[in-house]
Amino acid sequence: MTVRTQGFLGPITPQPWGELLDHFDGLAAQNTLFDPLAAIIHSVIESGDSDALAASTSMHDLIVVTAPPPEPPFDVLRISVAGSLQTTADGQVRIRHLTVSGHDDDITRTAGEAVNLFWRFVAEKFGVLGAR
């Protein structure tokens, strides 16, 4: 039996959190749809747990994994907002836990819930508690 995985099958090249912040703050300045992603990155930097998490981008999505990223294949969190190829409505954020096992979780909430939802996923899936 073959299990279809959505987890990452190849390596991920982490980007420094400060660079991600500059990138998403810039996008948010042009379009408020990106505010939730900028808010999540701000919260990671402020949490003191930025060394426990690694991140990169995929188009306009934020991809988060434990740091240092494990050898492939591995589980990731994919955070999307409207305009993503992952199809999210305006004013919403979608967080997906994409797993090697195929037991993915996928939750969409309002943009105002993005930071709390992100930390819930990070705590449950990666064991990183962060300062909420």
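The model is predicted: local features need pLDDT of at least 70, side-chain atom pairs count only at pLDDT 80 or more, and totals for chains, interfaces and linings use all residues. Residues are numbered from 1 along each chain as its sequence is written, and side-chain values use heavy atoms, with hydrogens and water left out.

**Stop 1: strand β3**

Select residues 76-81, strand β3. Strands (E, at least two residues) and helices (H or I, at least four) are DSSP runs, numbered from the N terminus. Of the 6 residues in β3, 6 are buried, so the strand is largely enclosed by the rest of the structure. Buried means under 20% relative accessible area, with a 1.4 Å probe and protein chains only. Show the side chains. V76, R78 and S80 point one way; L77, I79 and V81 point the other way.

**Stop 2: the partners of β3**

Pairing requires at least two DSSP bridges between two strands. Look for V64, whose bridge partner in β3 is L77.

**Stop 3: helices α2 and α3**

Select α2 (residues 35-47) and α3 (residues 114-126). Their axes, lines fitted to C-alpha atoms over the stretch in contact, come within 9 Å and cross at roughly 55 degrees. Colour the contact (heavy atoms within 4.5 Å): P36, A39, I40, S43, V44 and S47 of α2 meet A114, V115, F118 and W119 of α3.

Terms used: Buried < 20%, exposed > 50% of the residue type's maximum accessible area, 1.4 Å probe, protein only. Axes fitted to C-alpha atoms, helices over the stretch in contact; angles between N-to-C directions.
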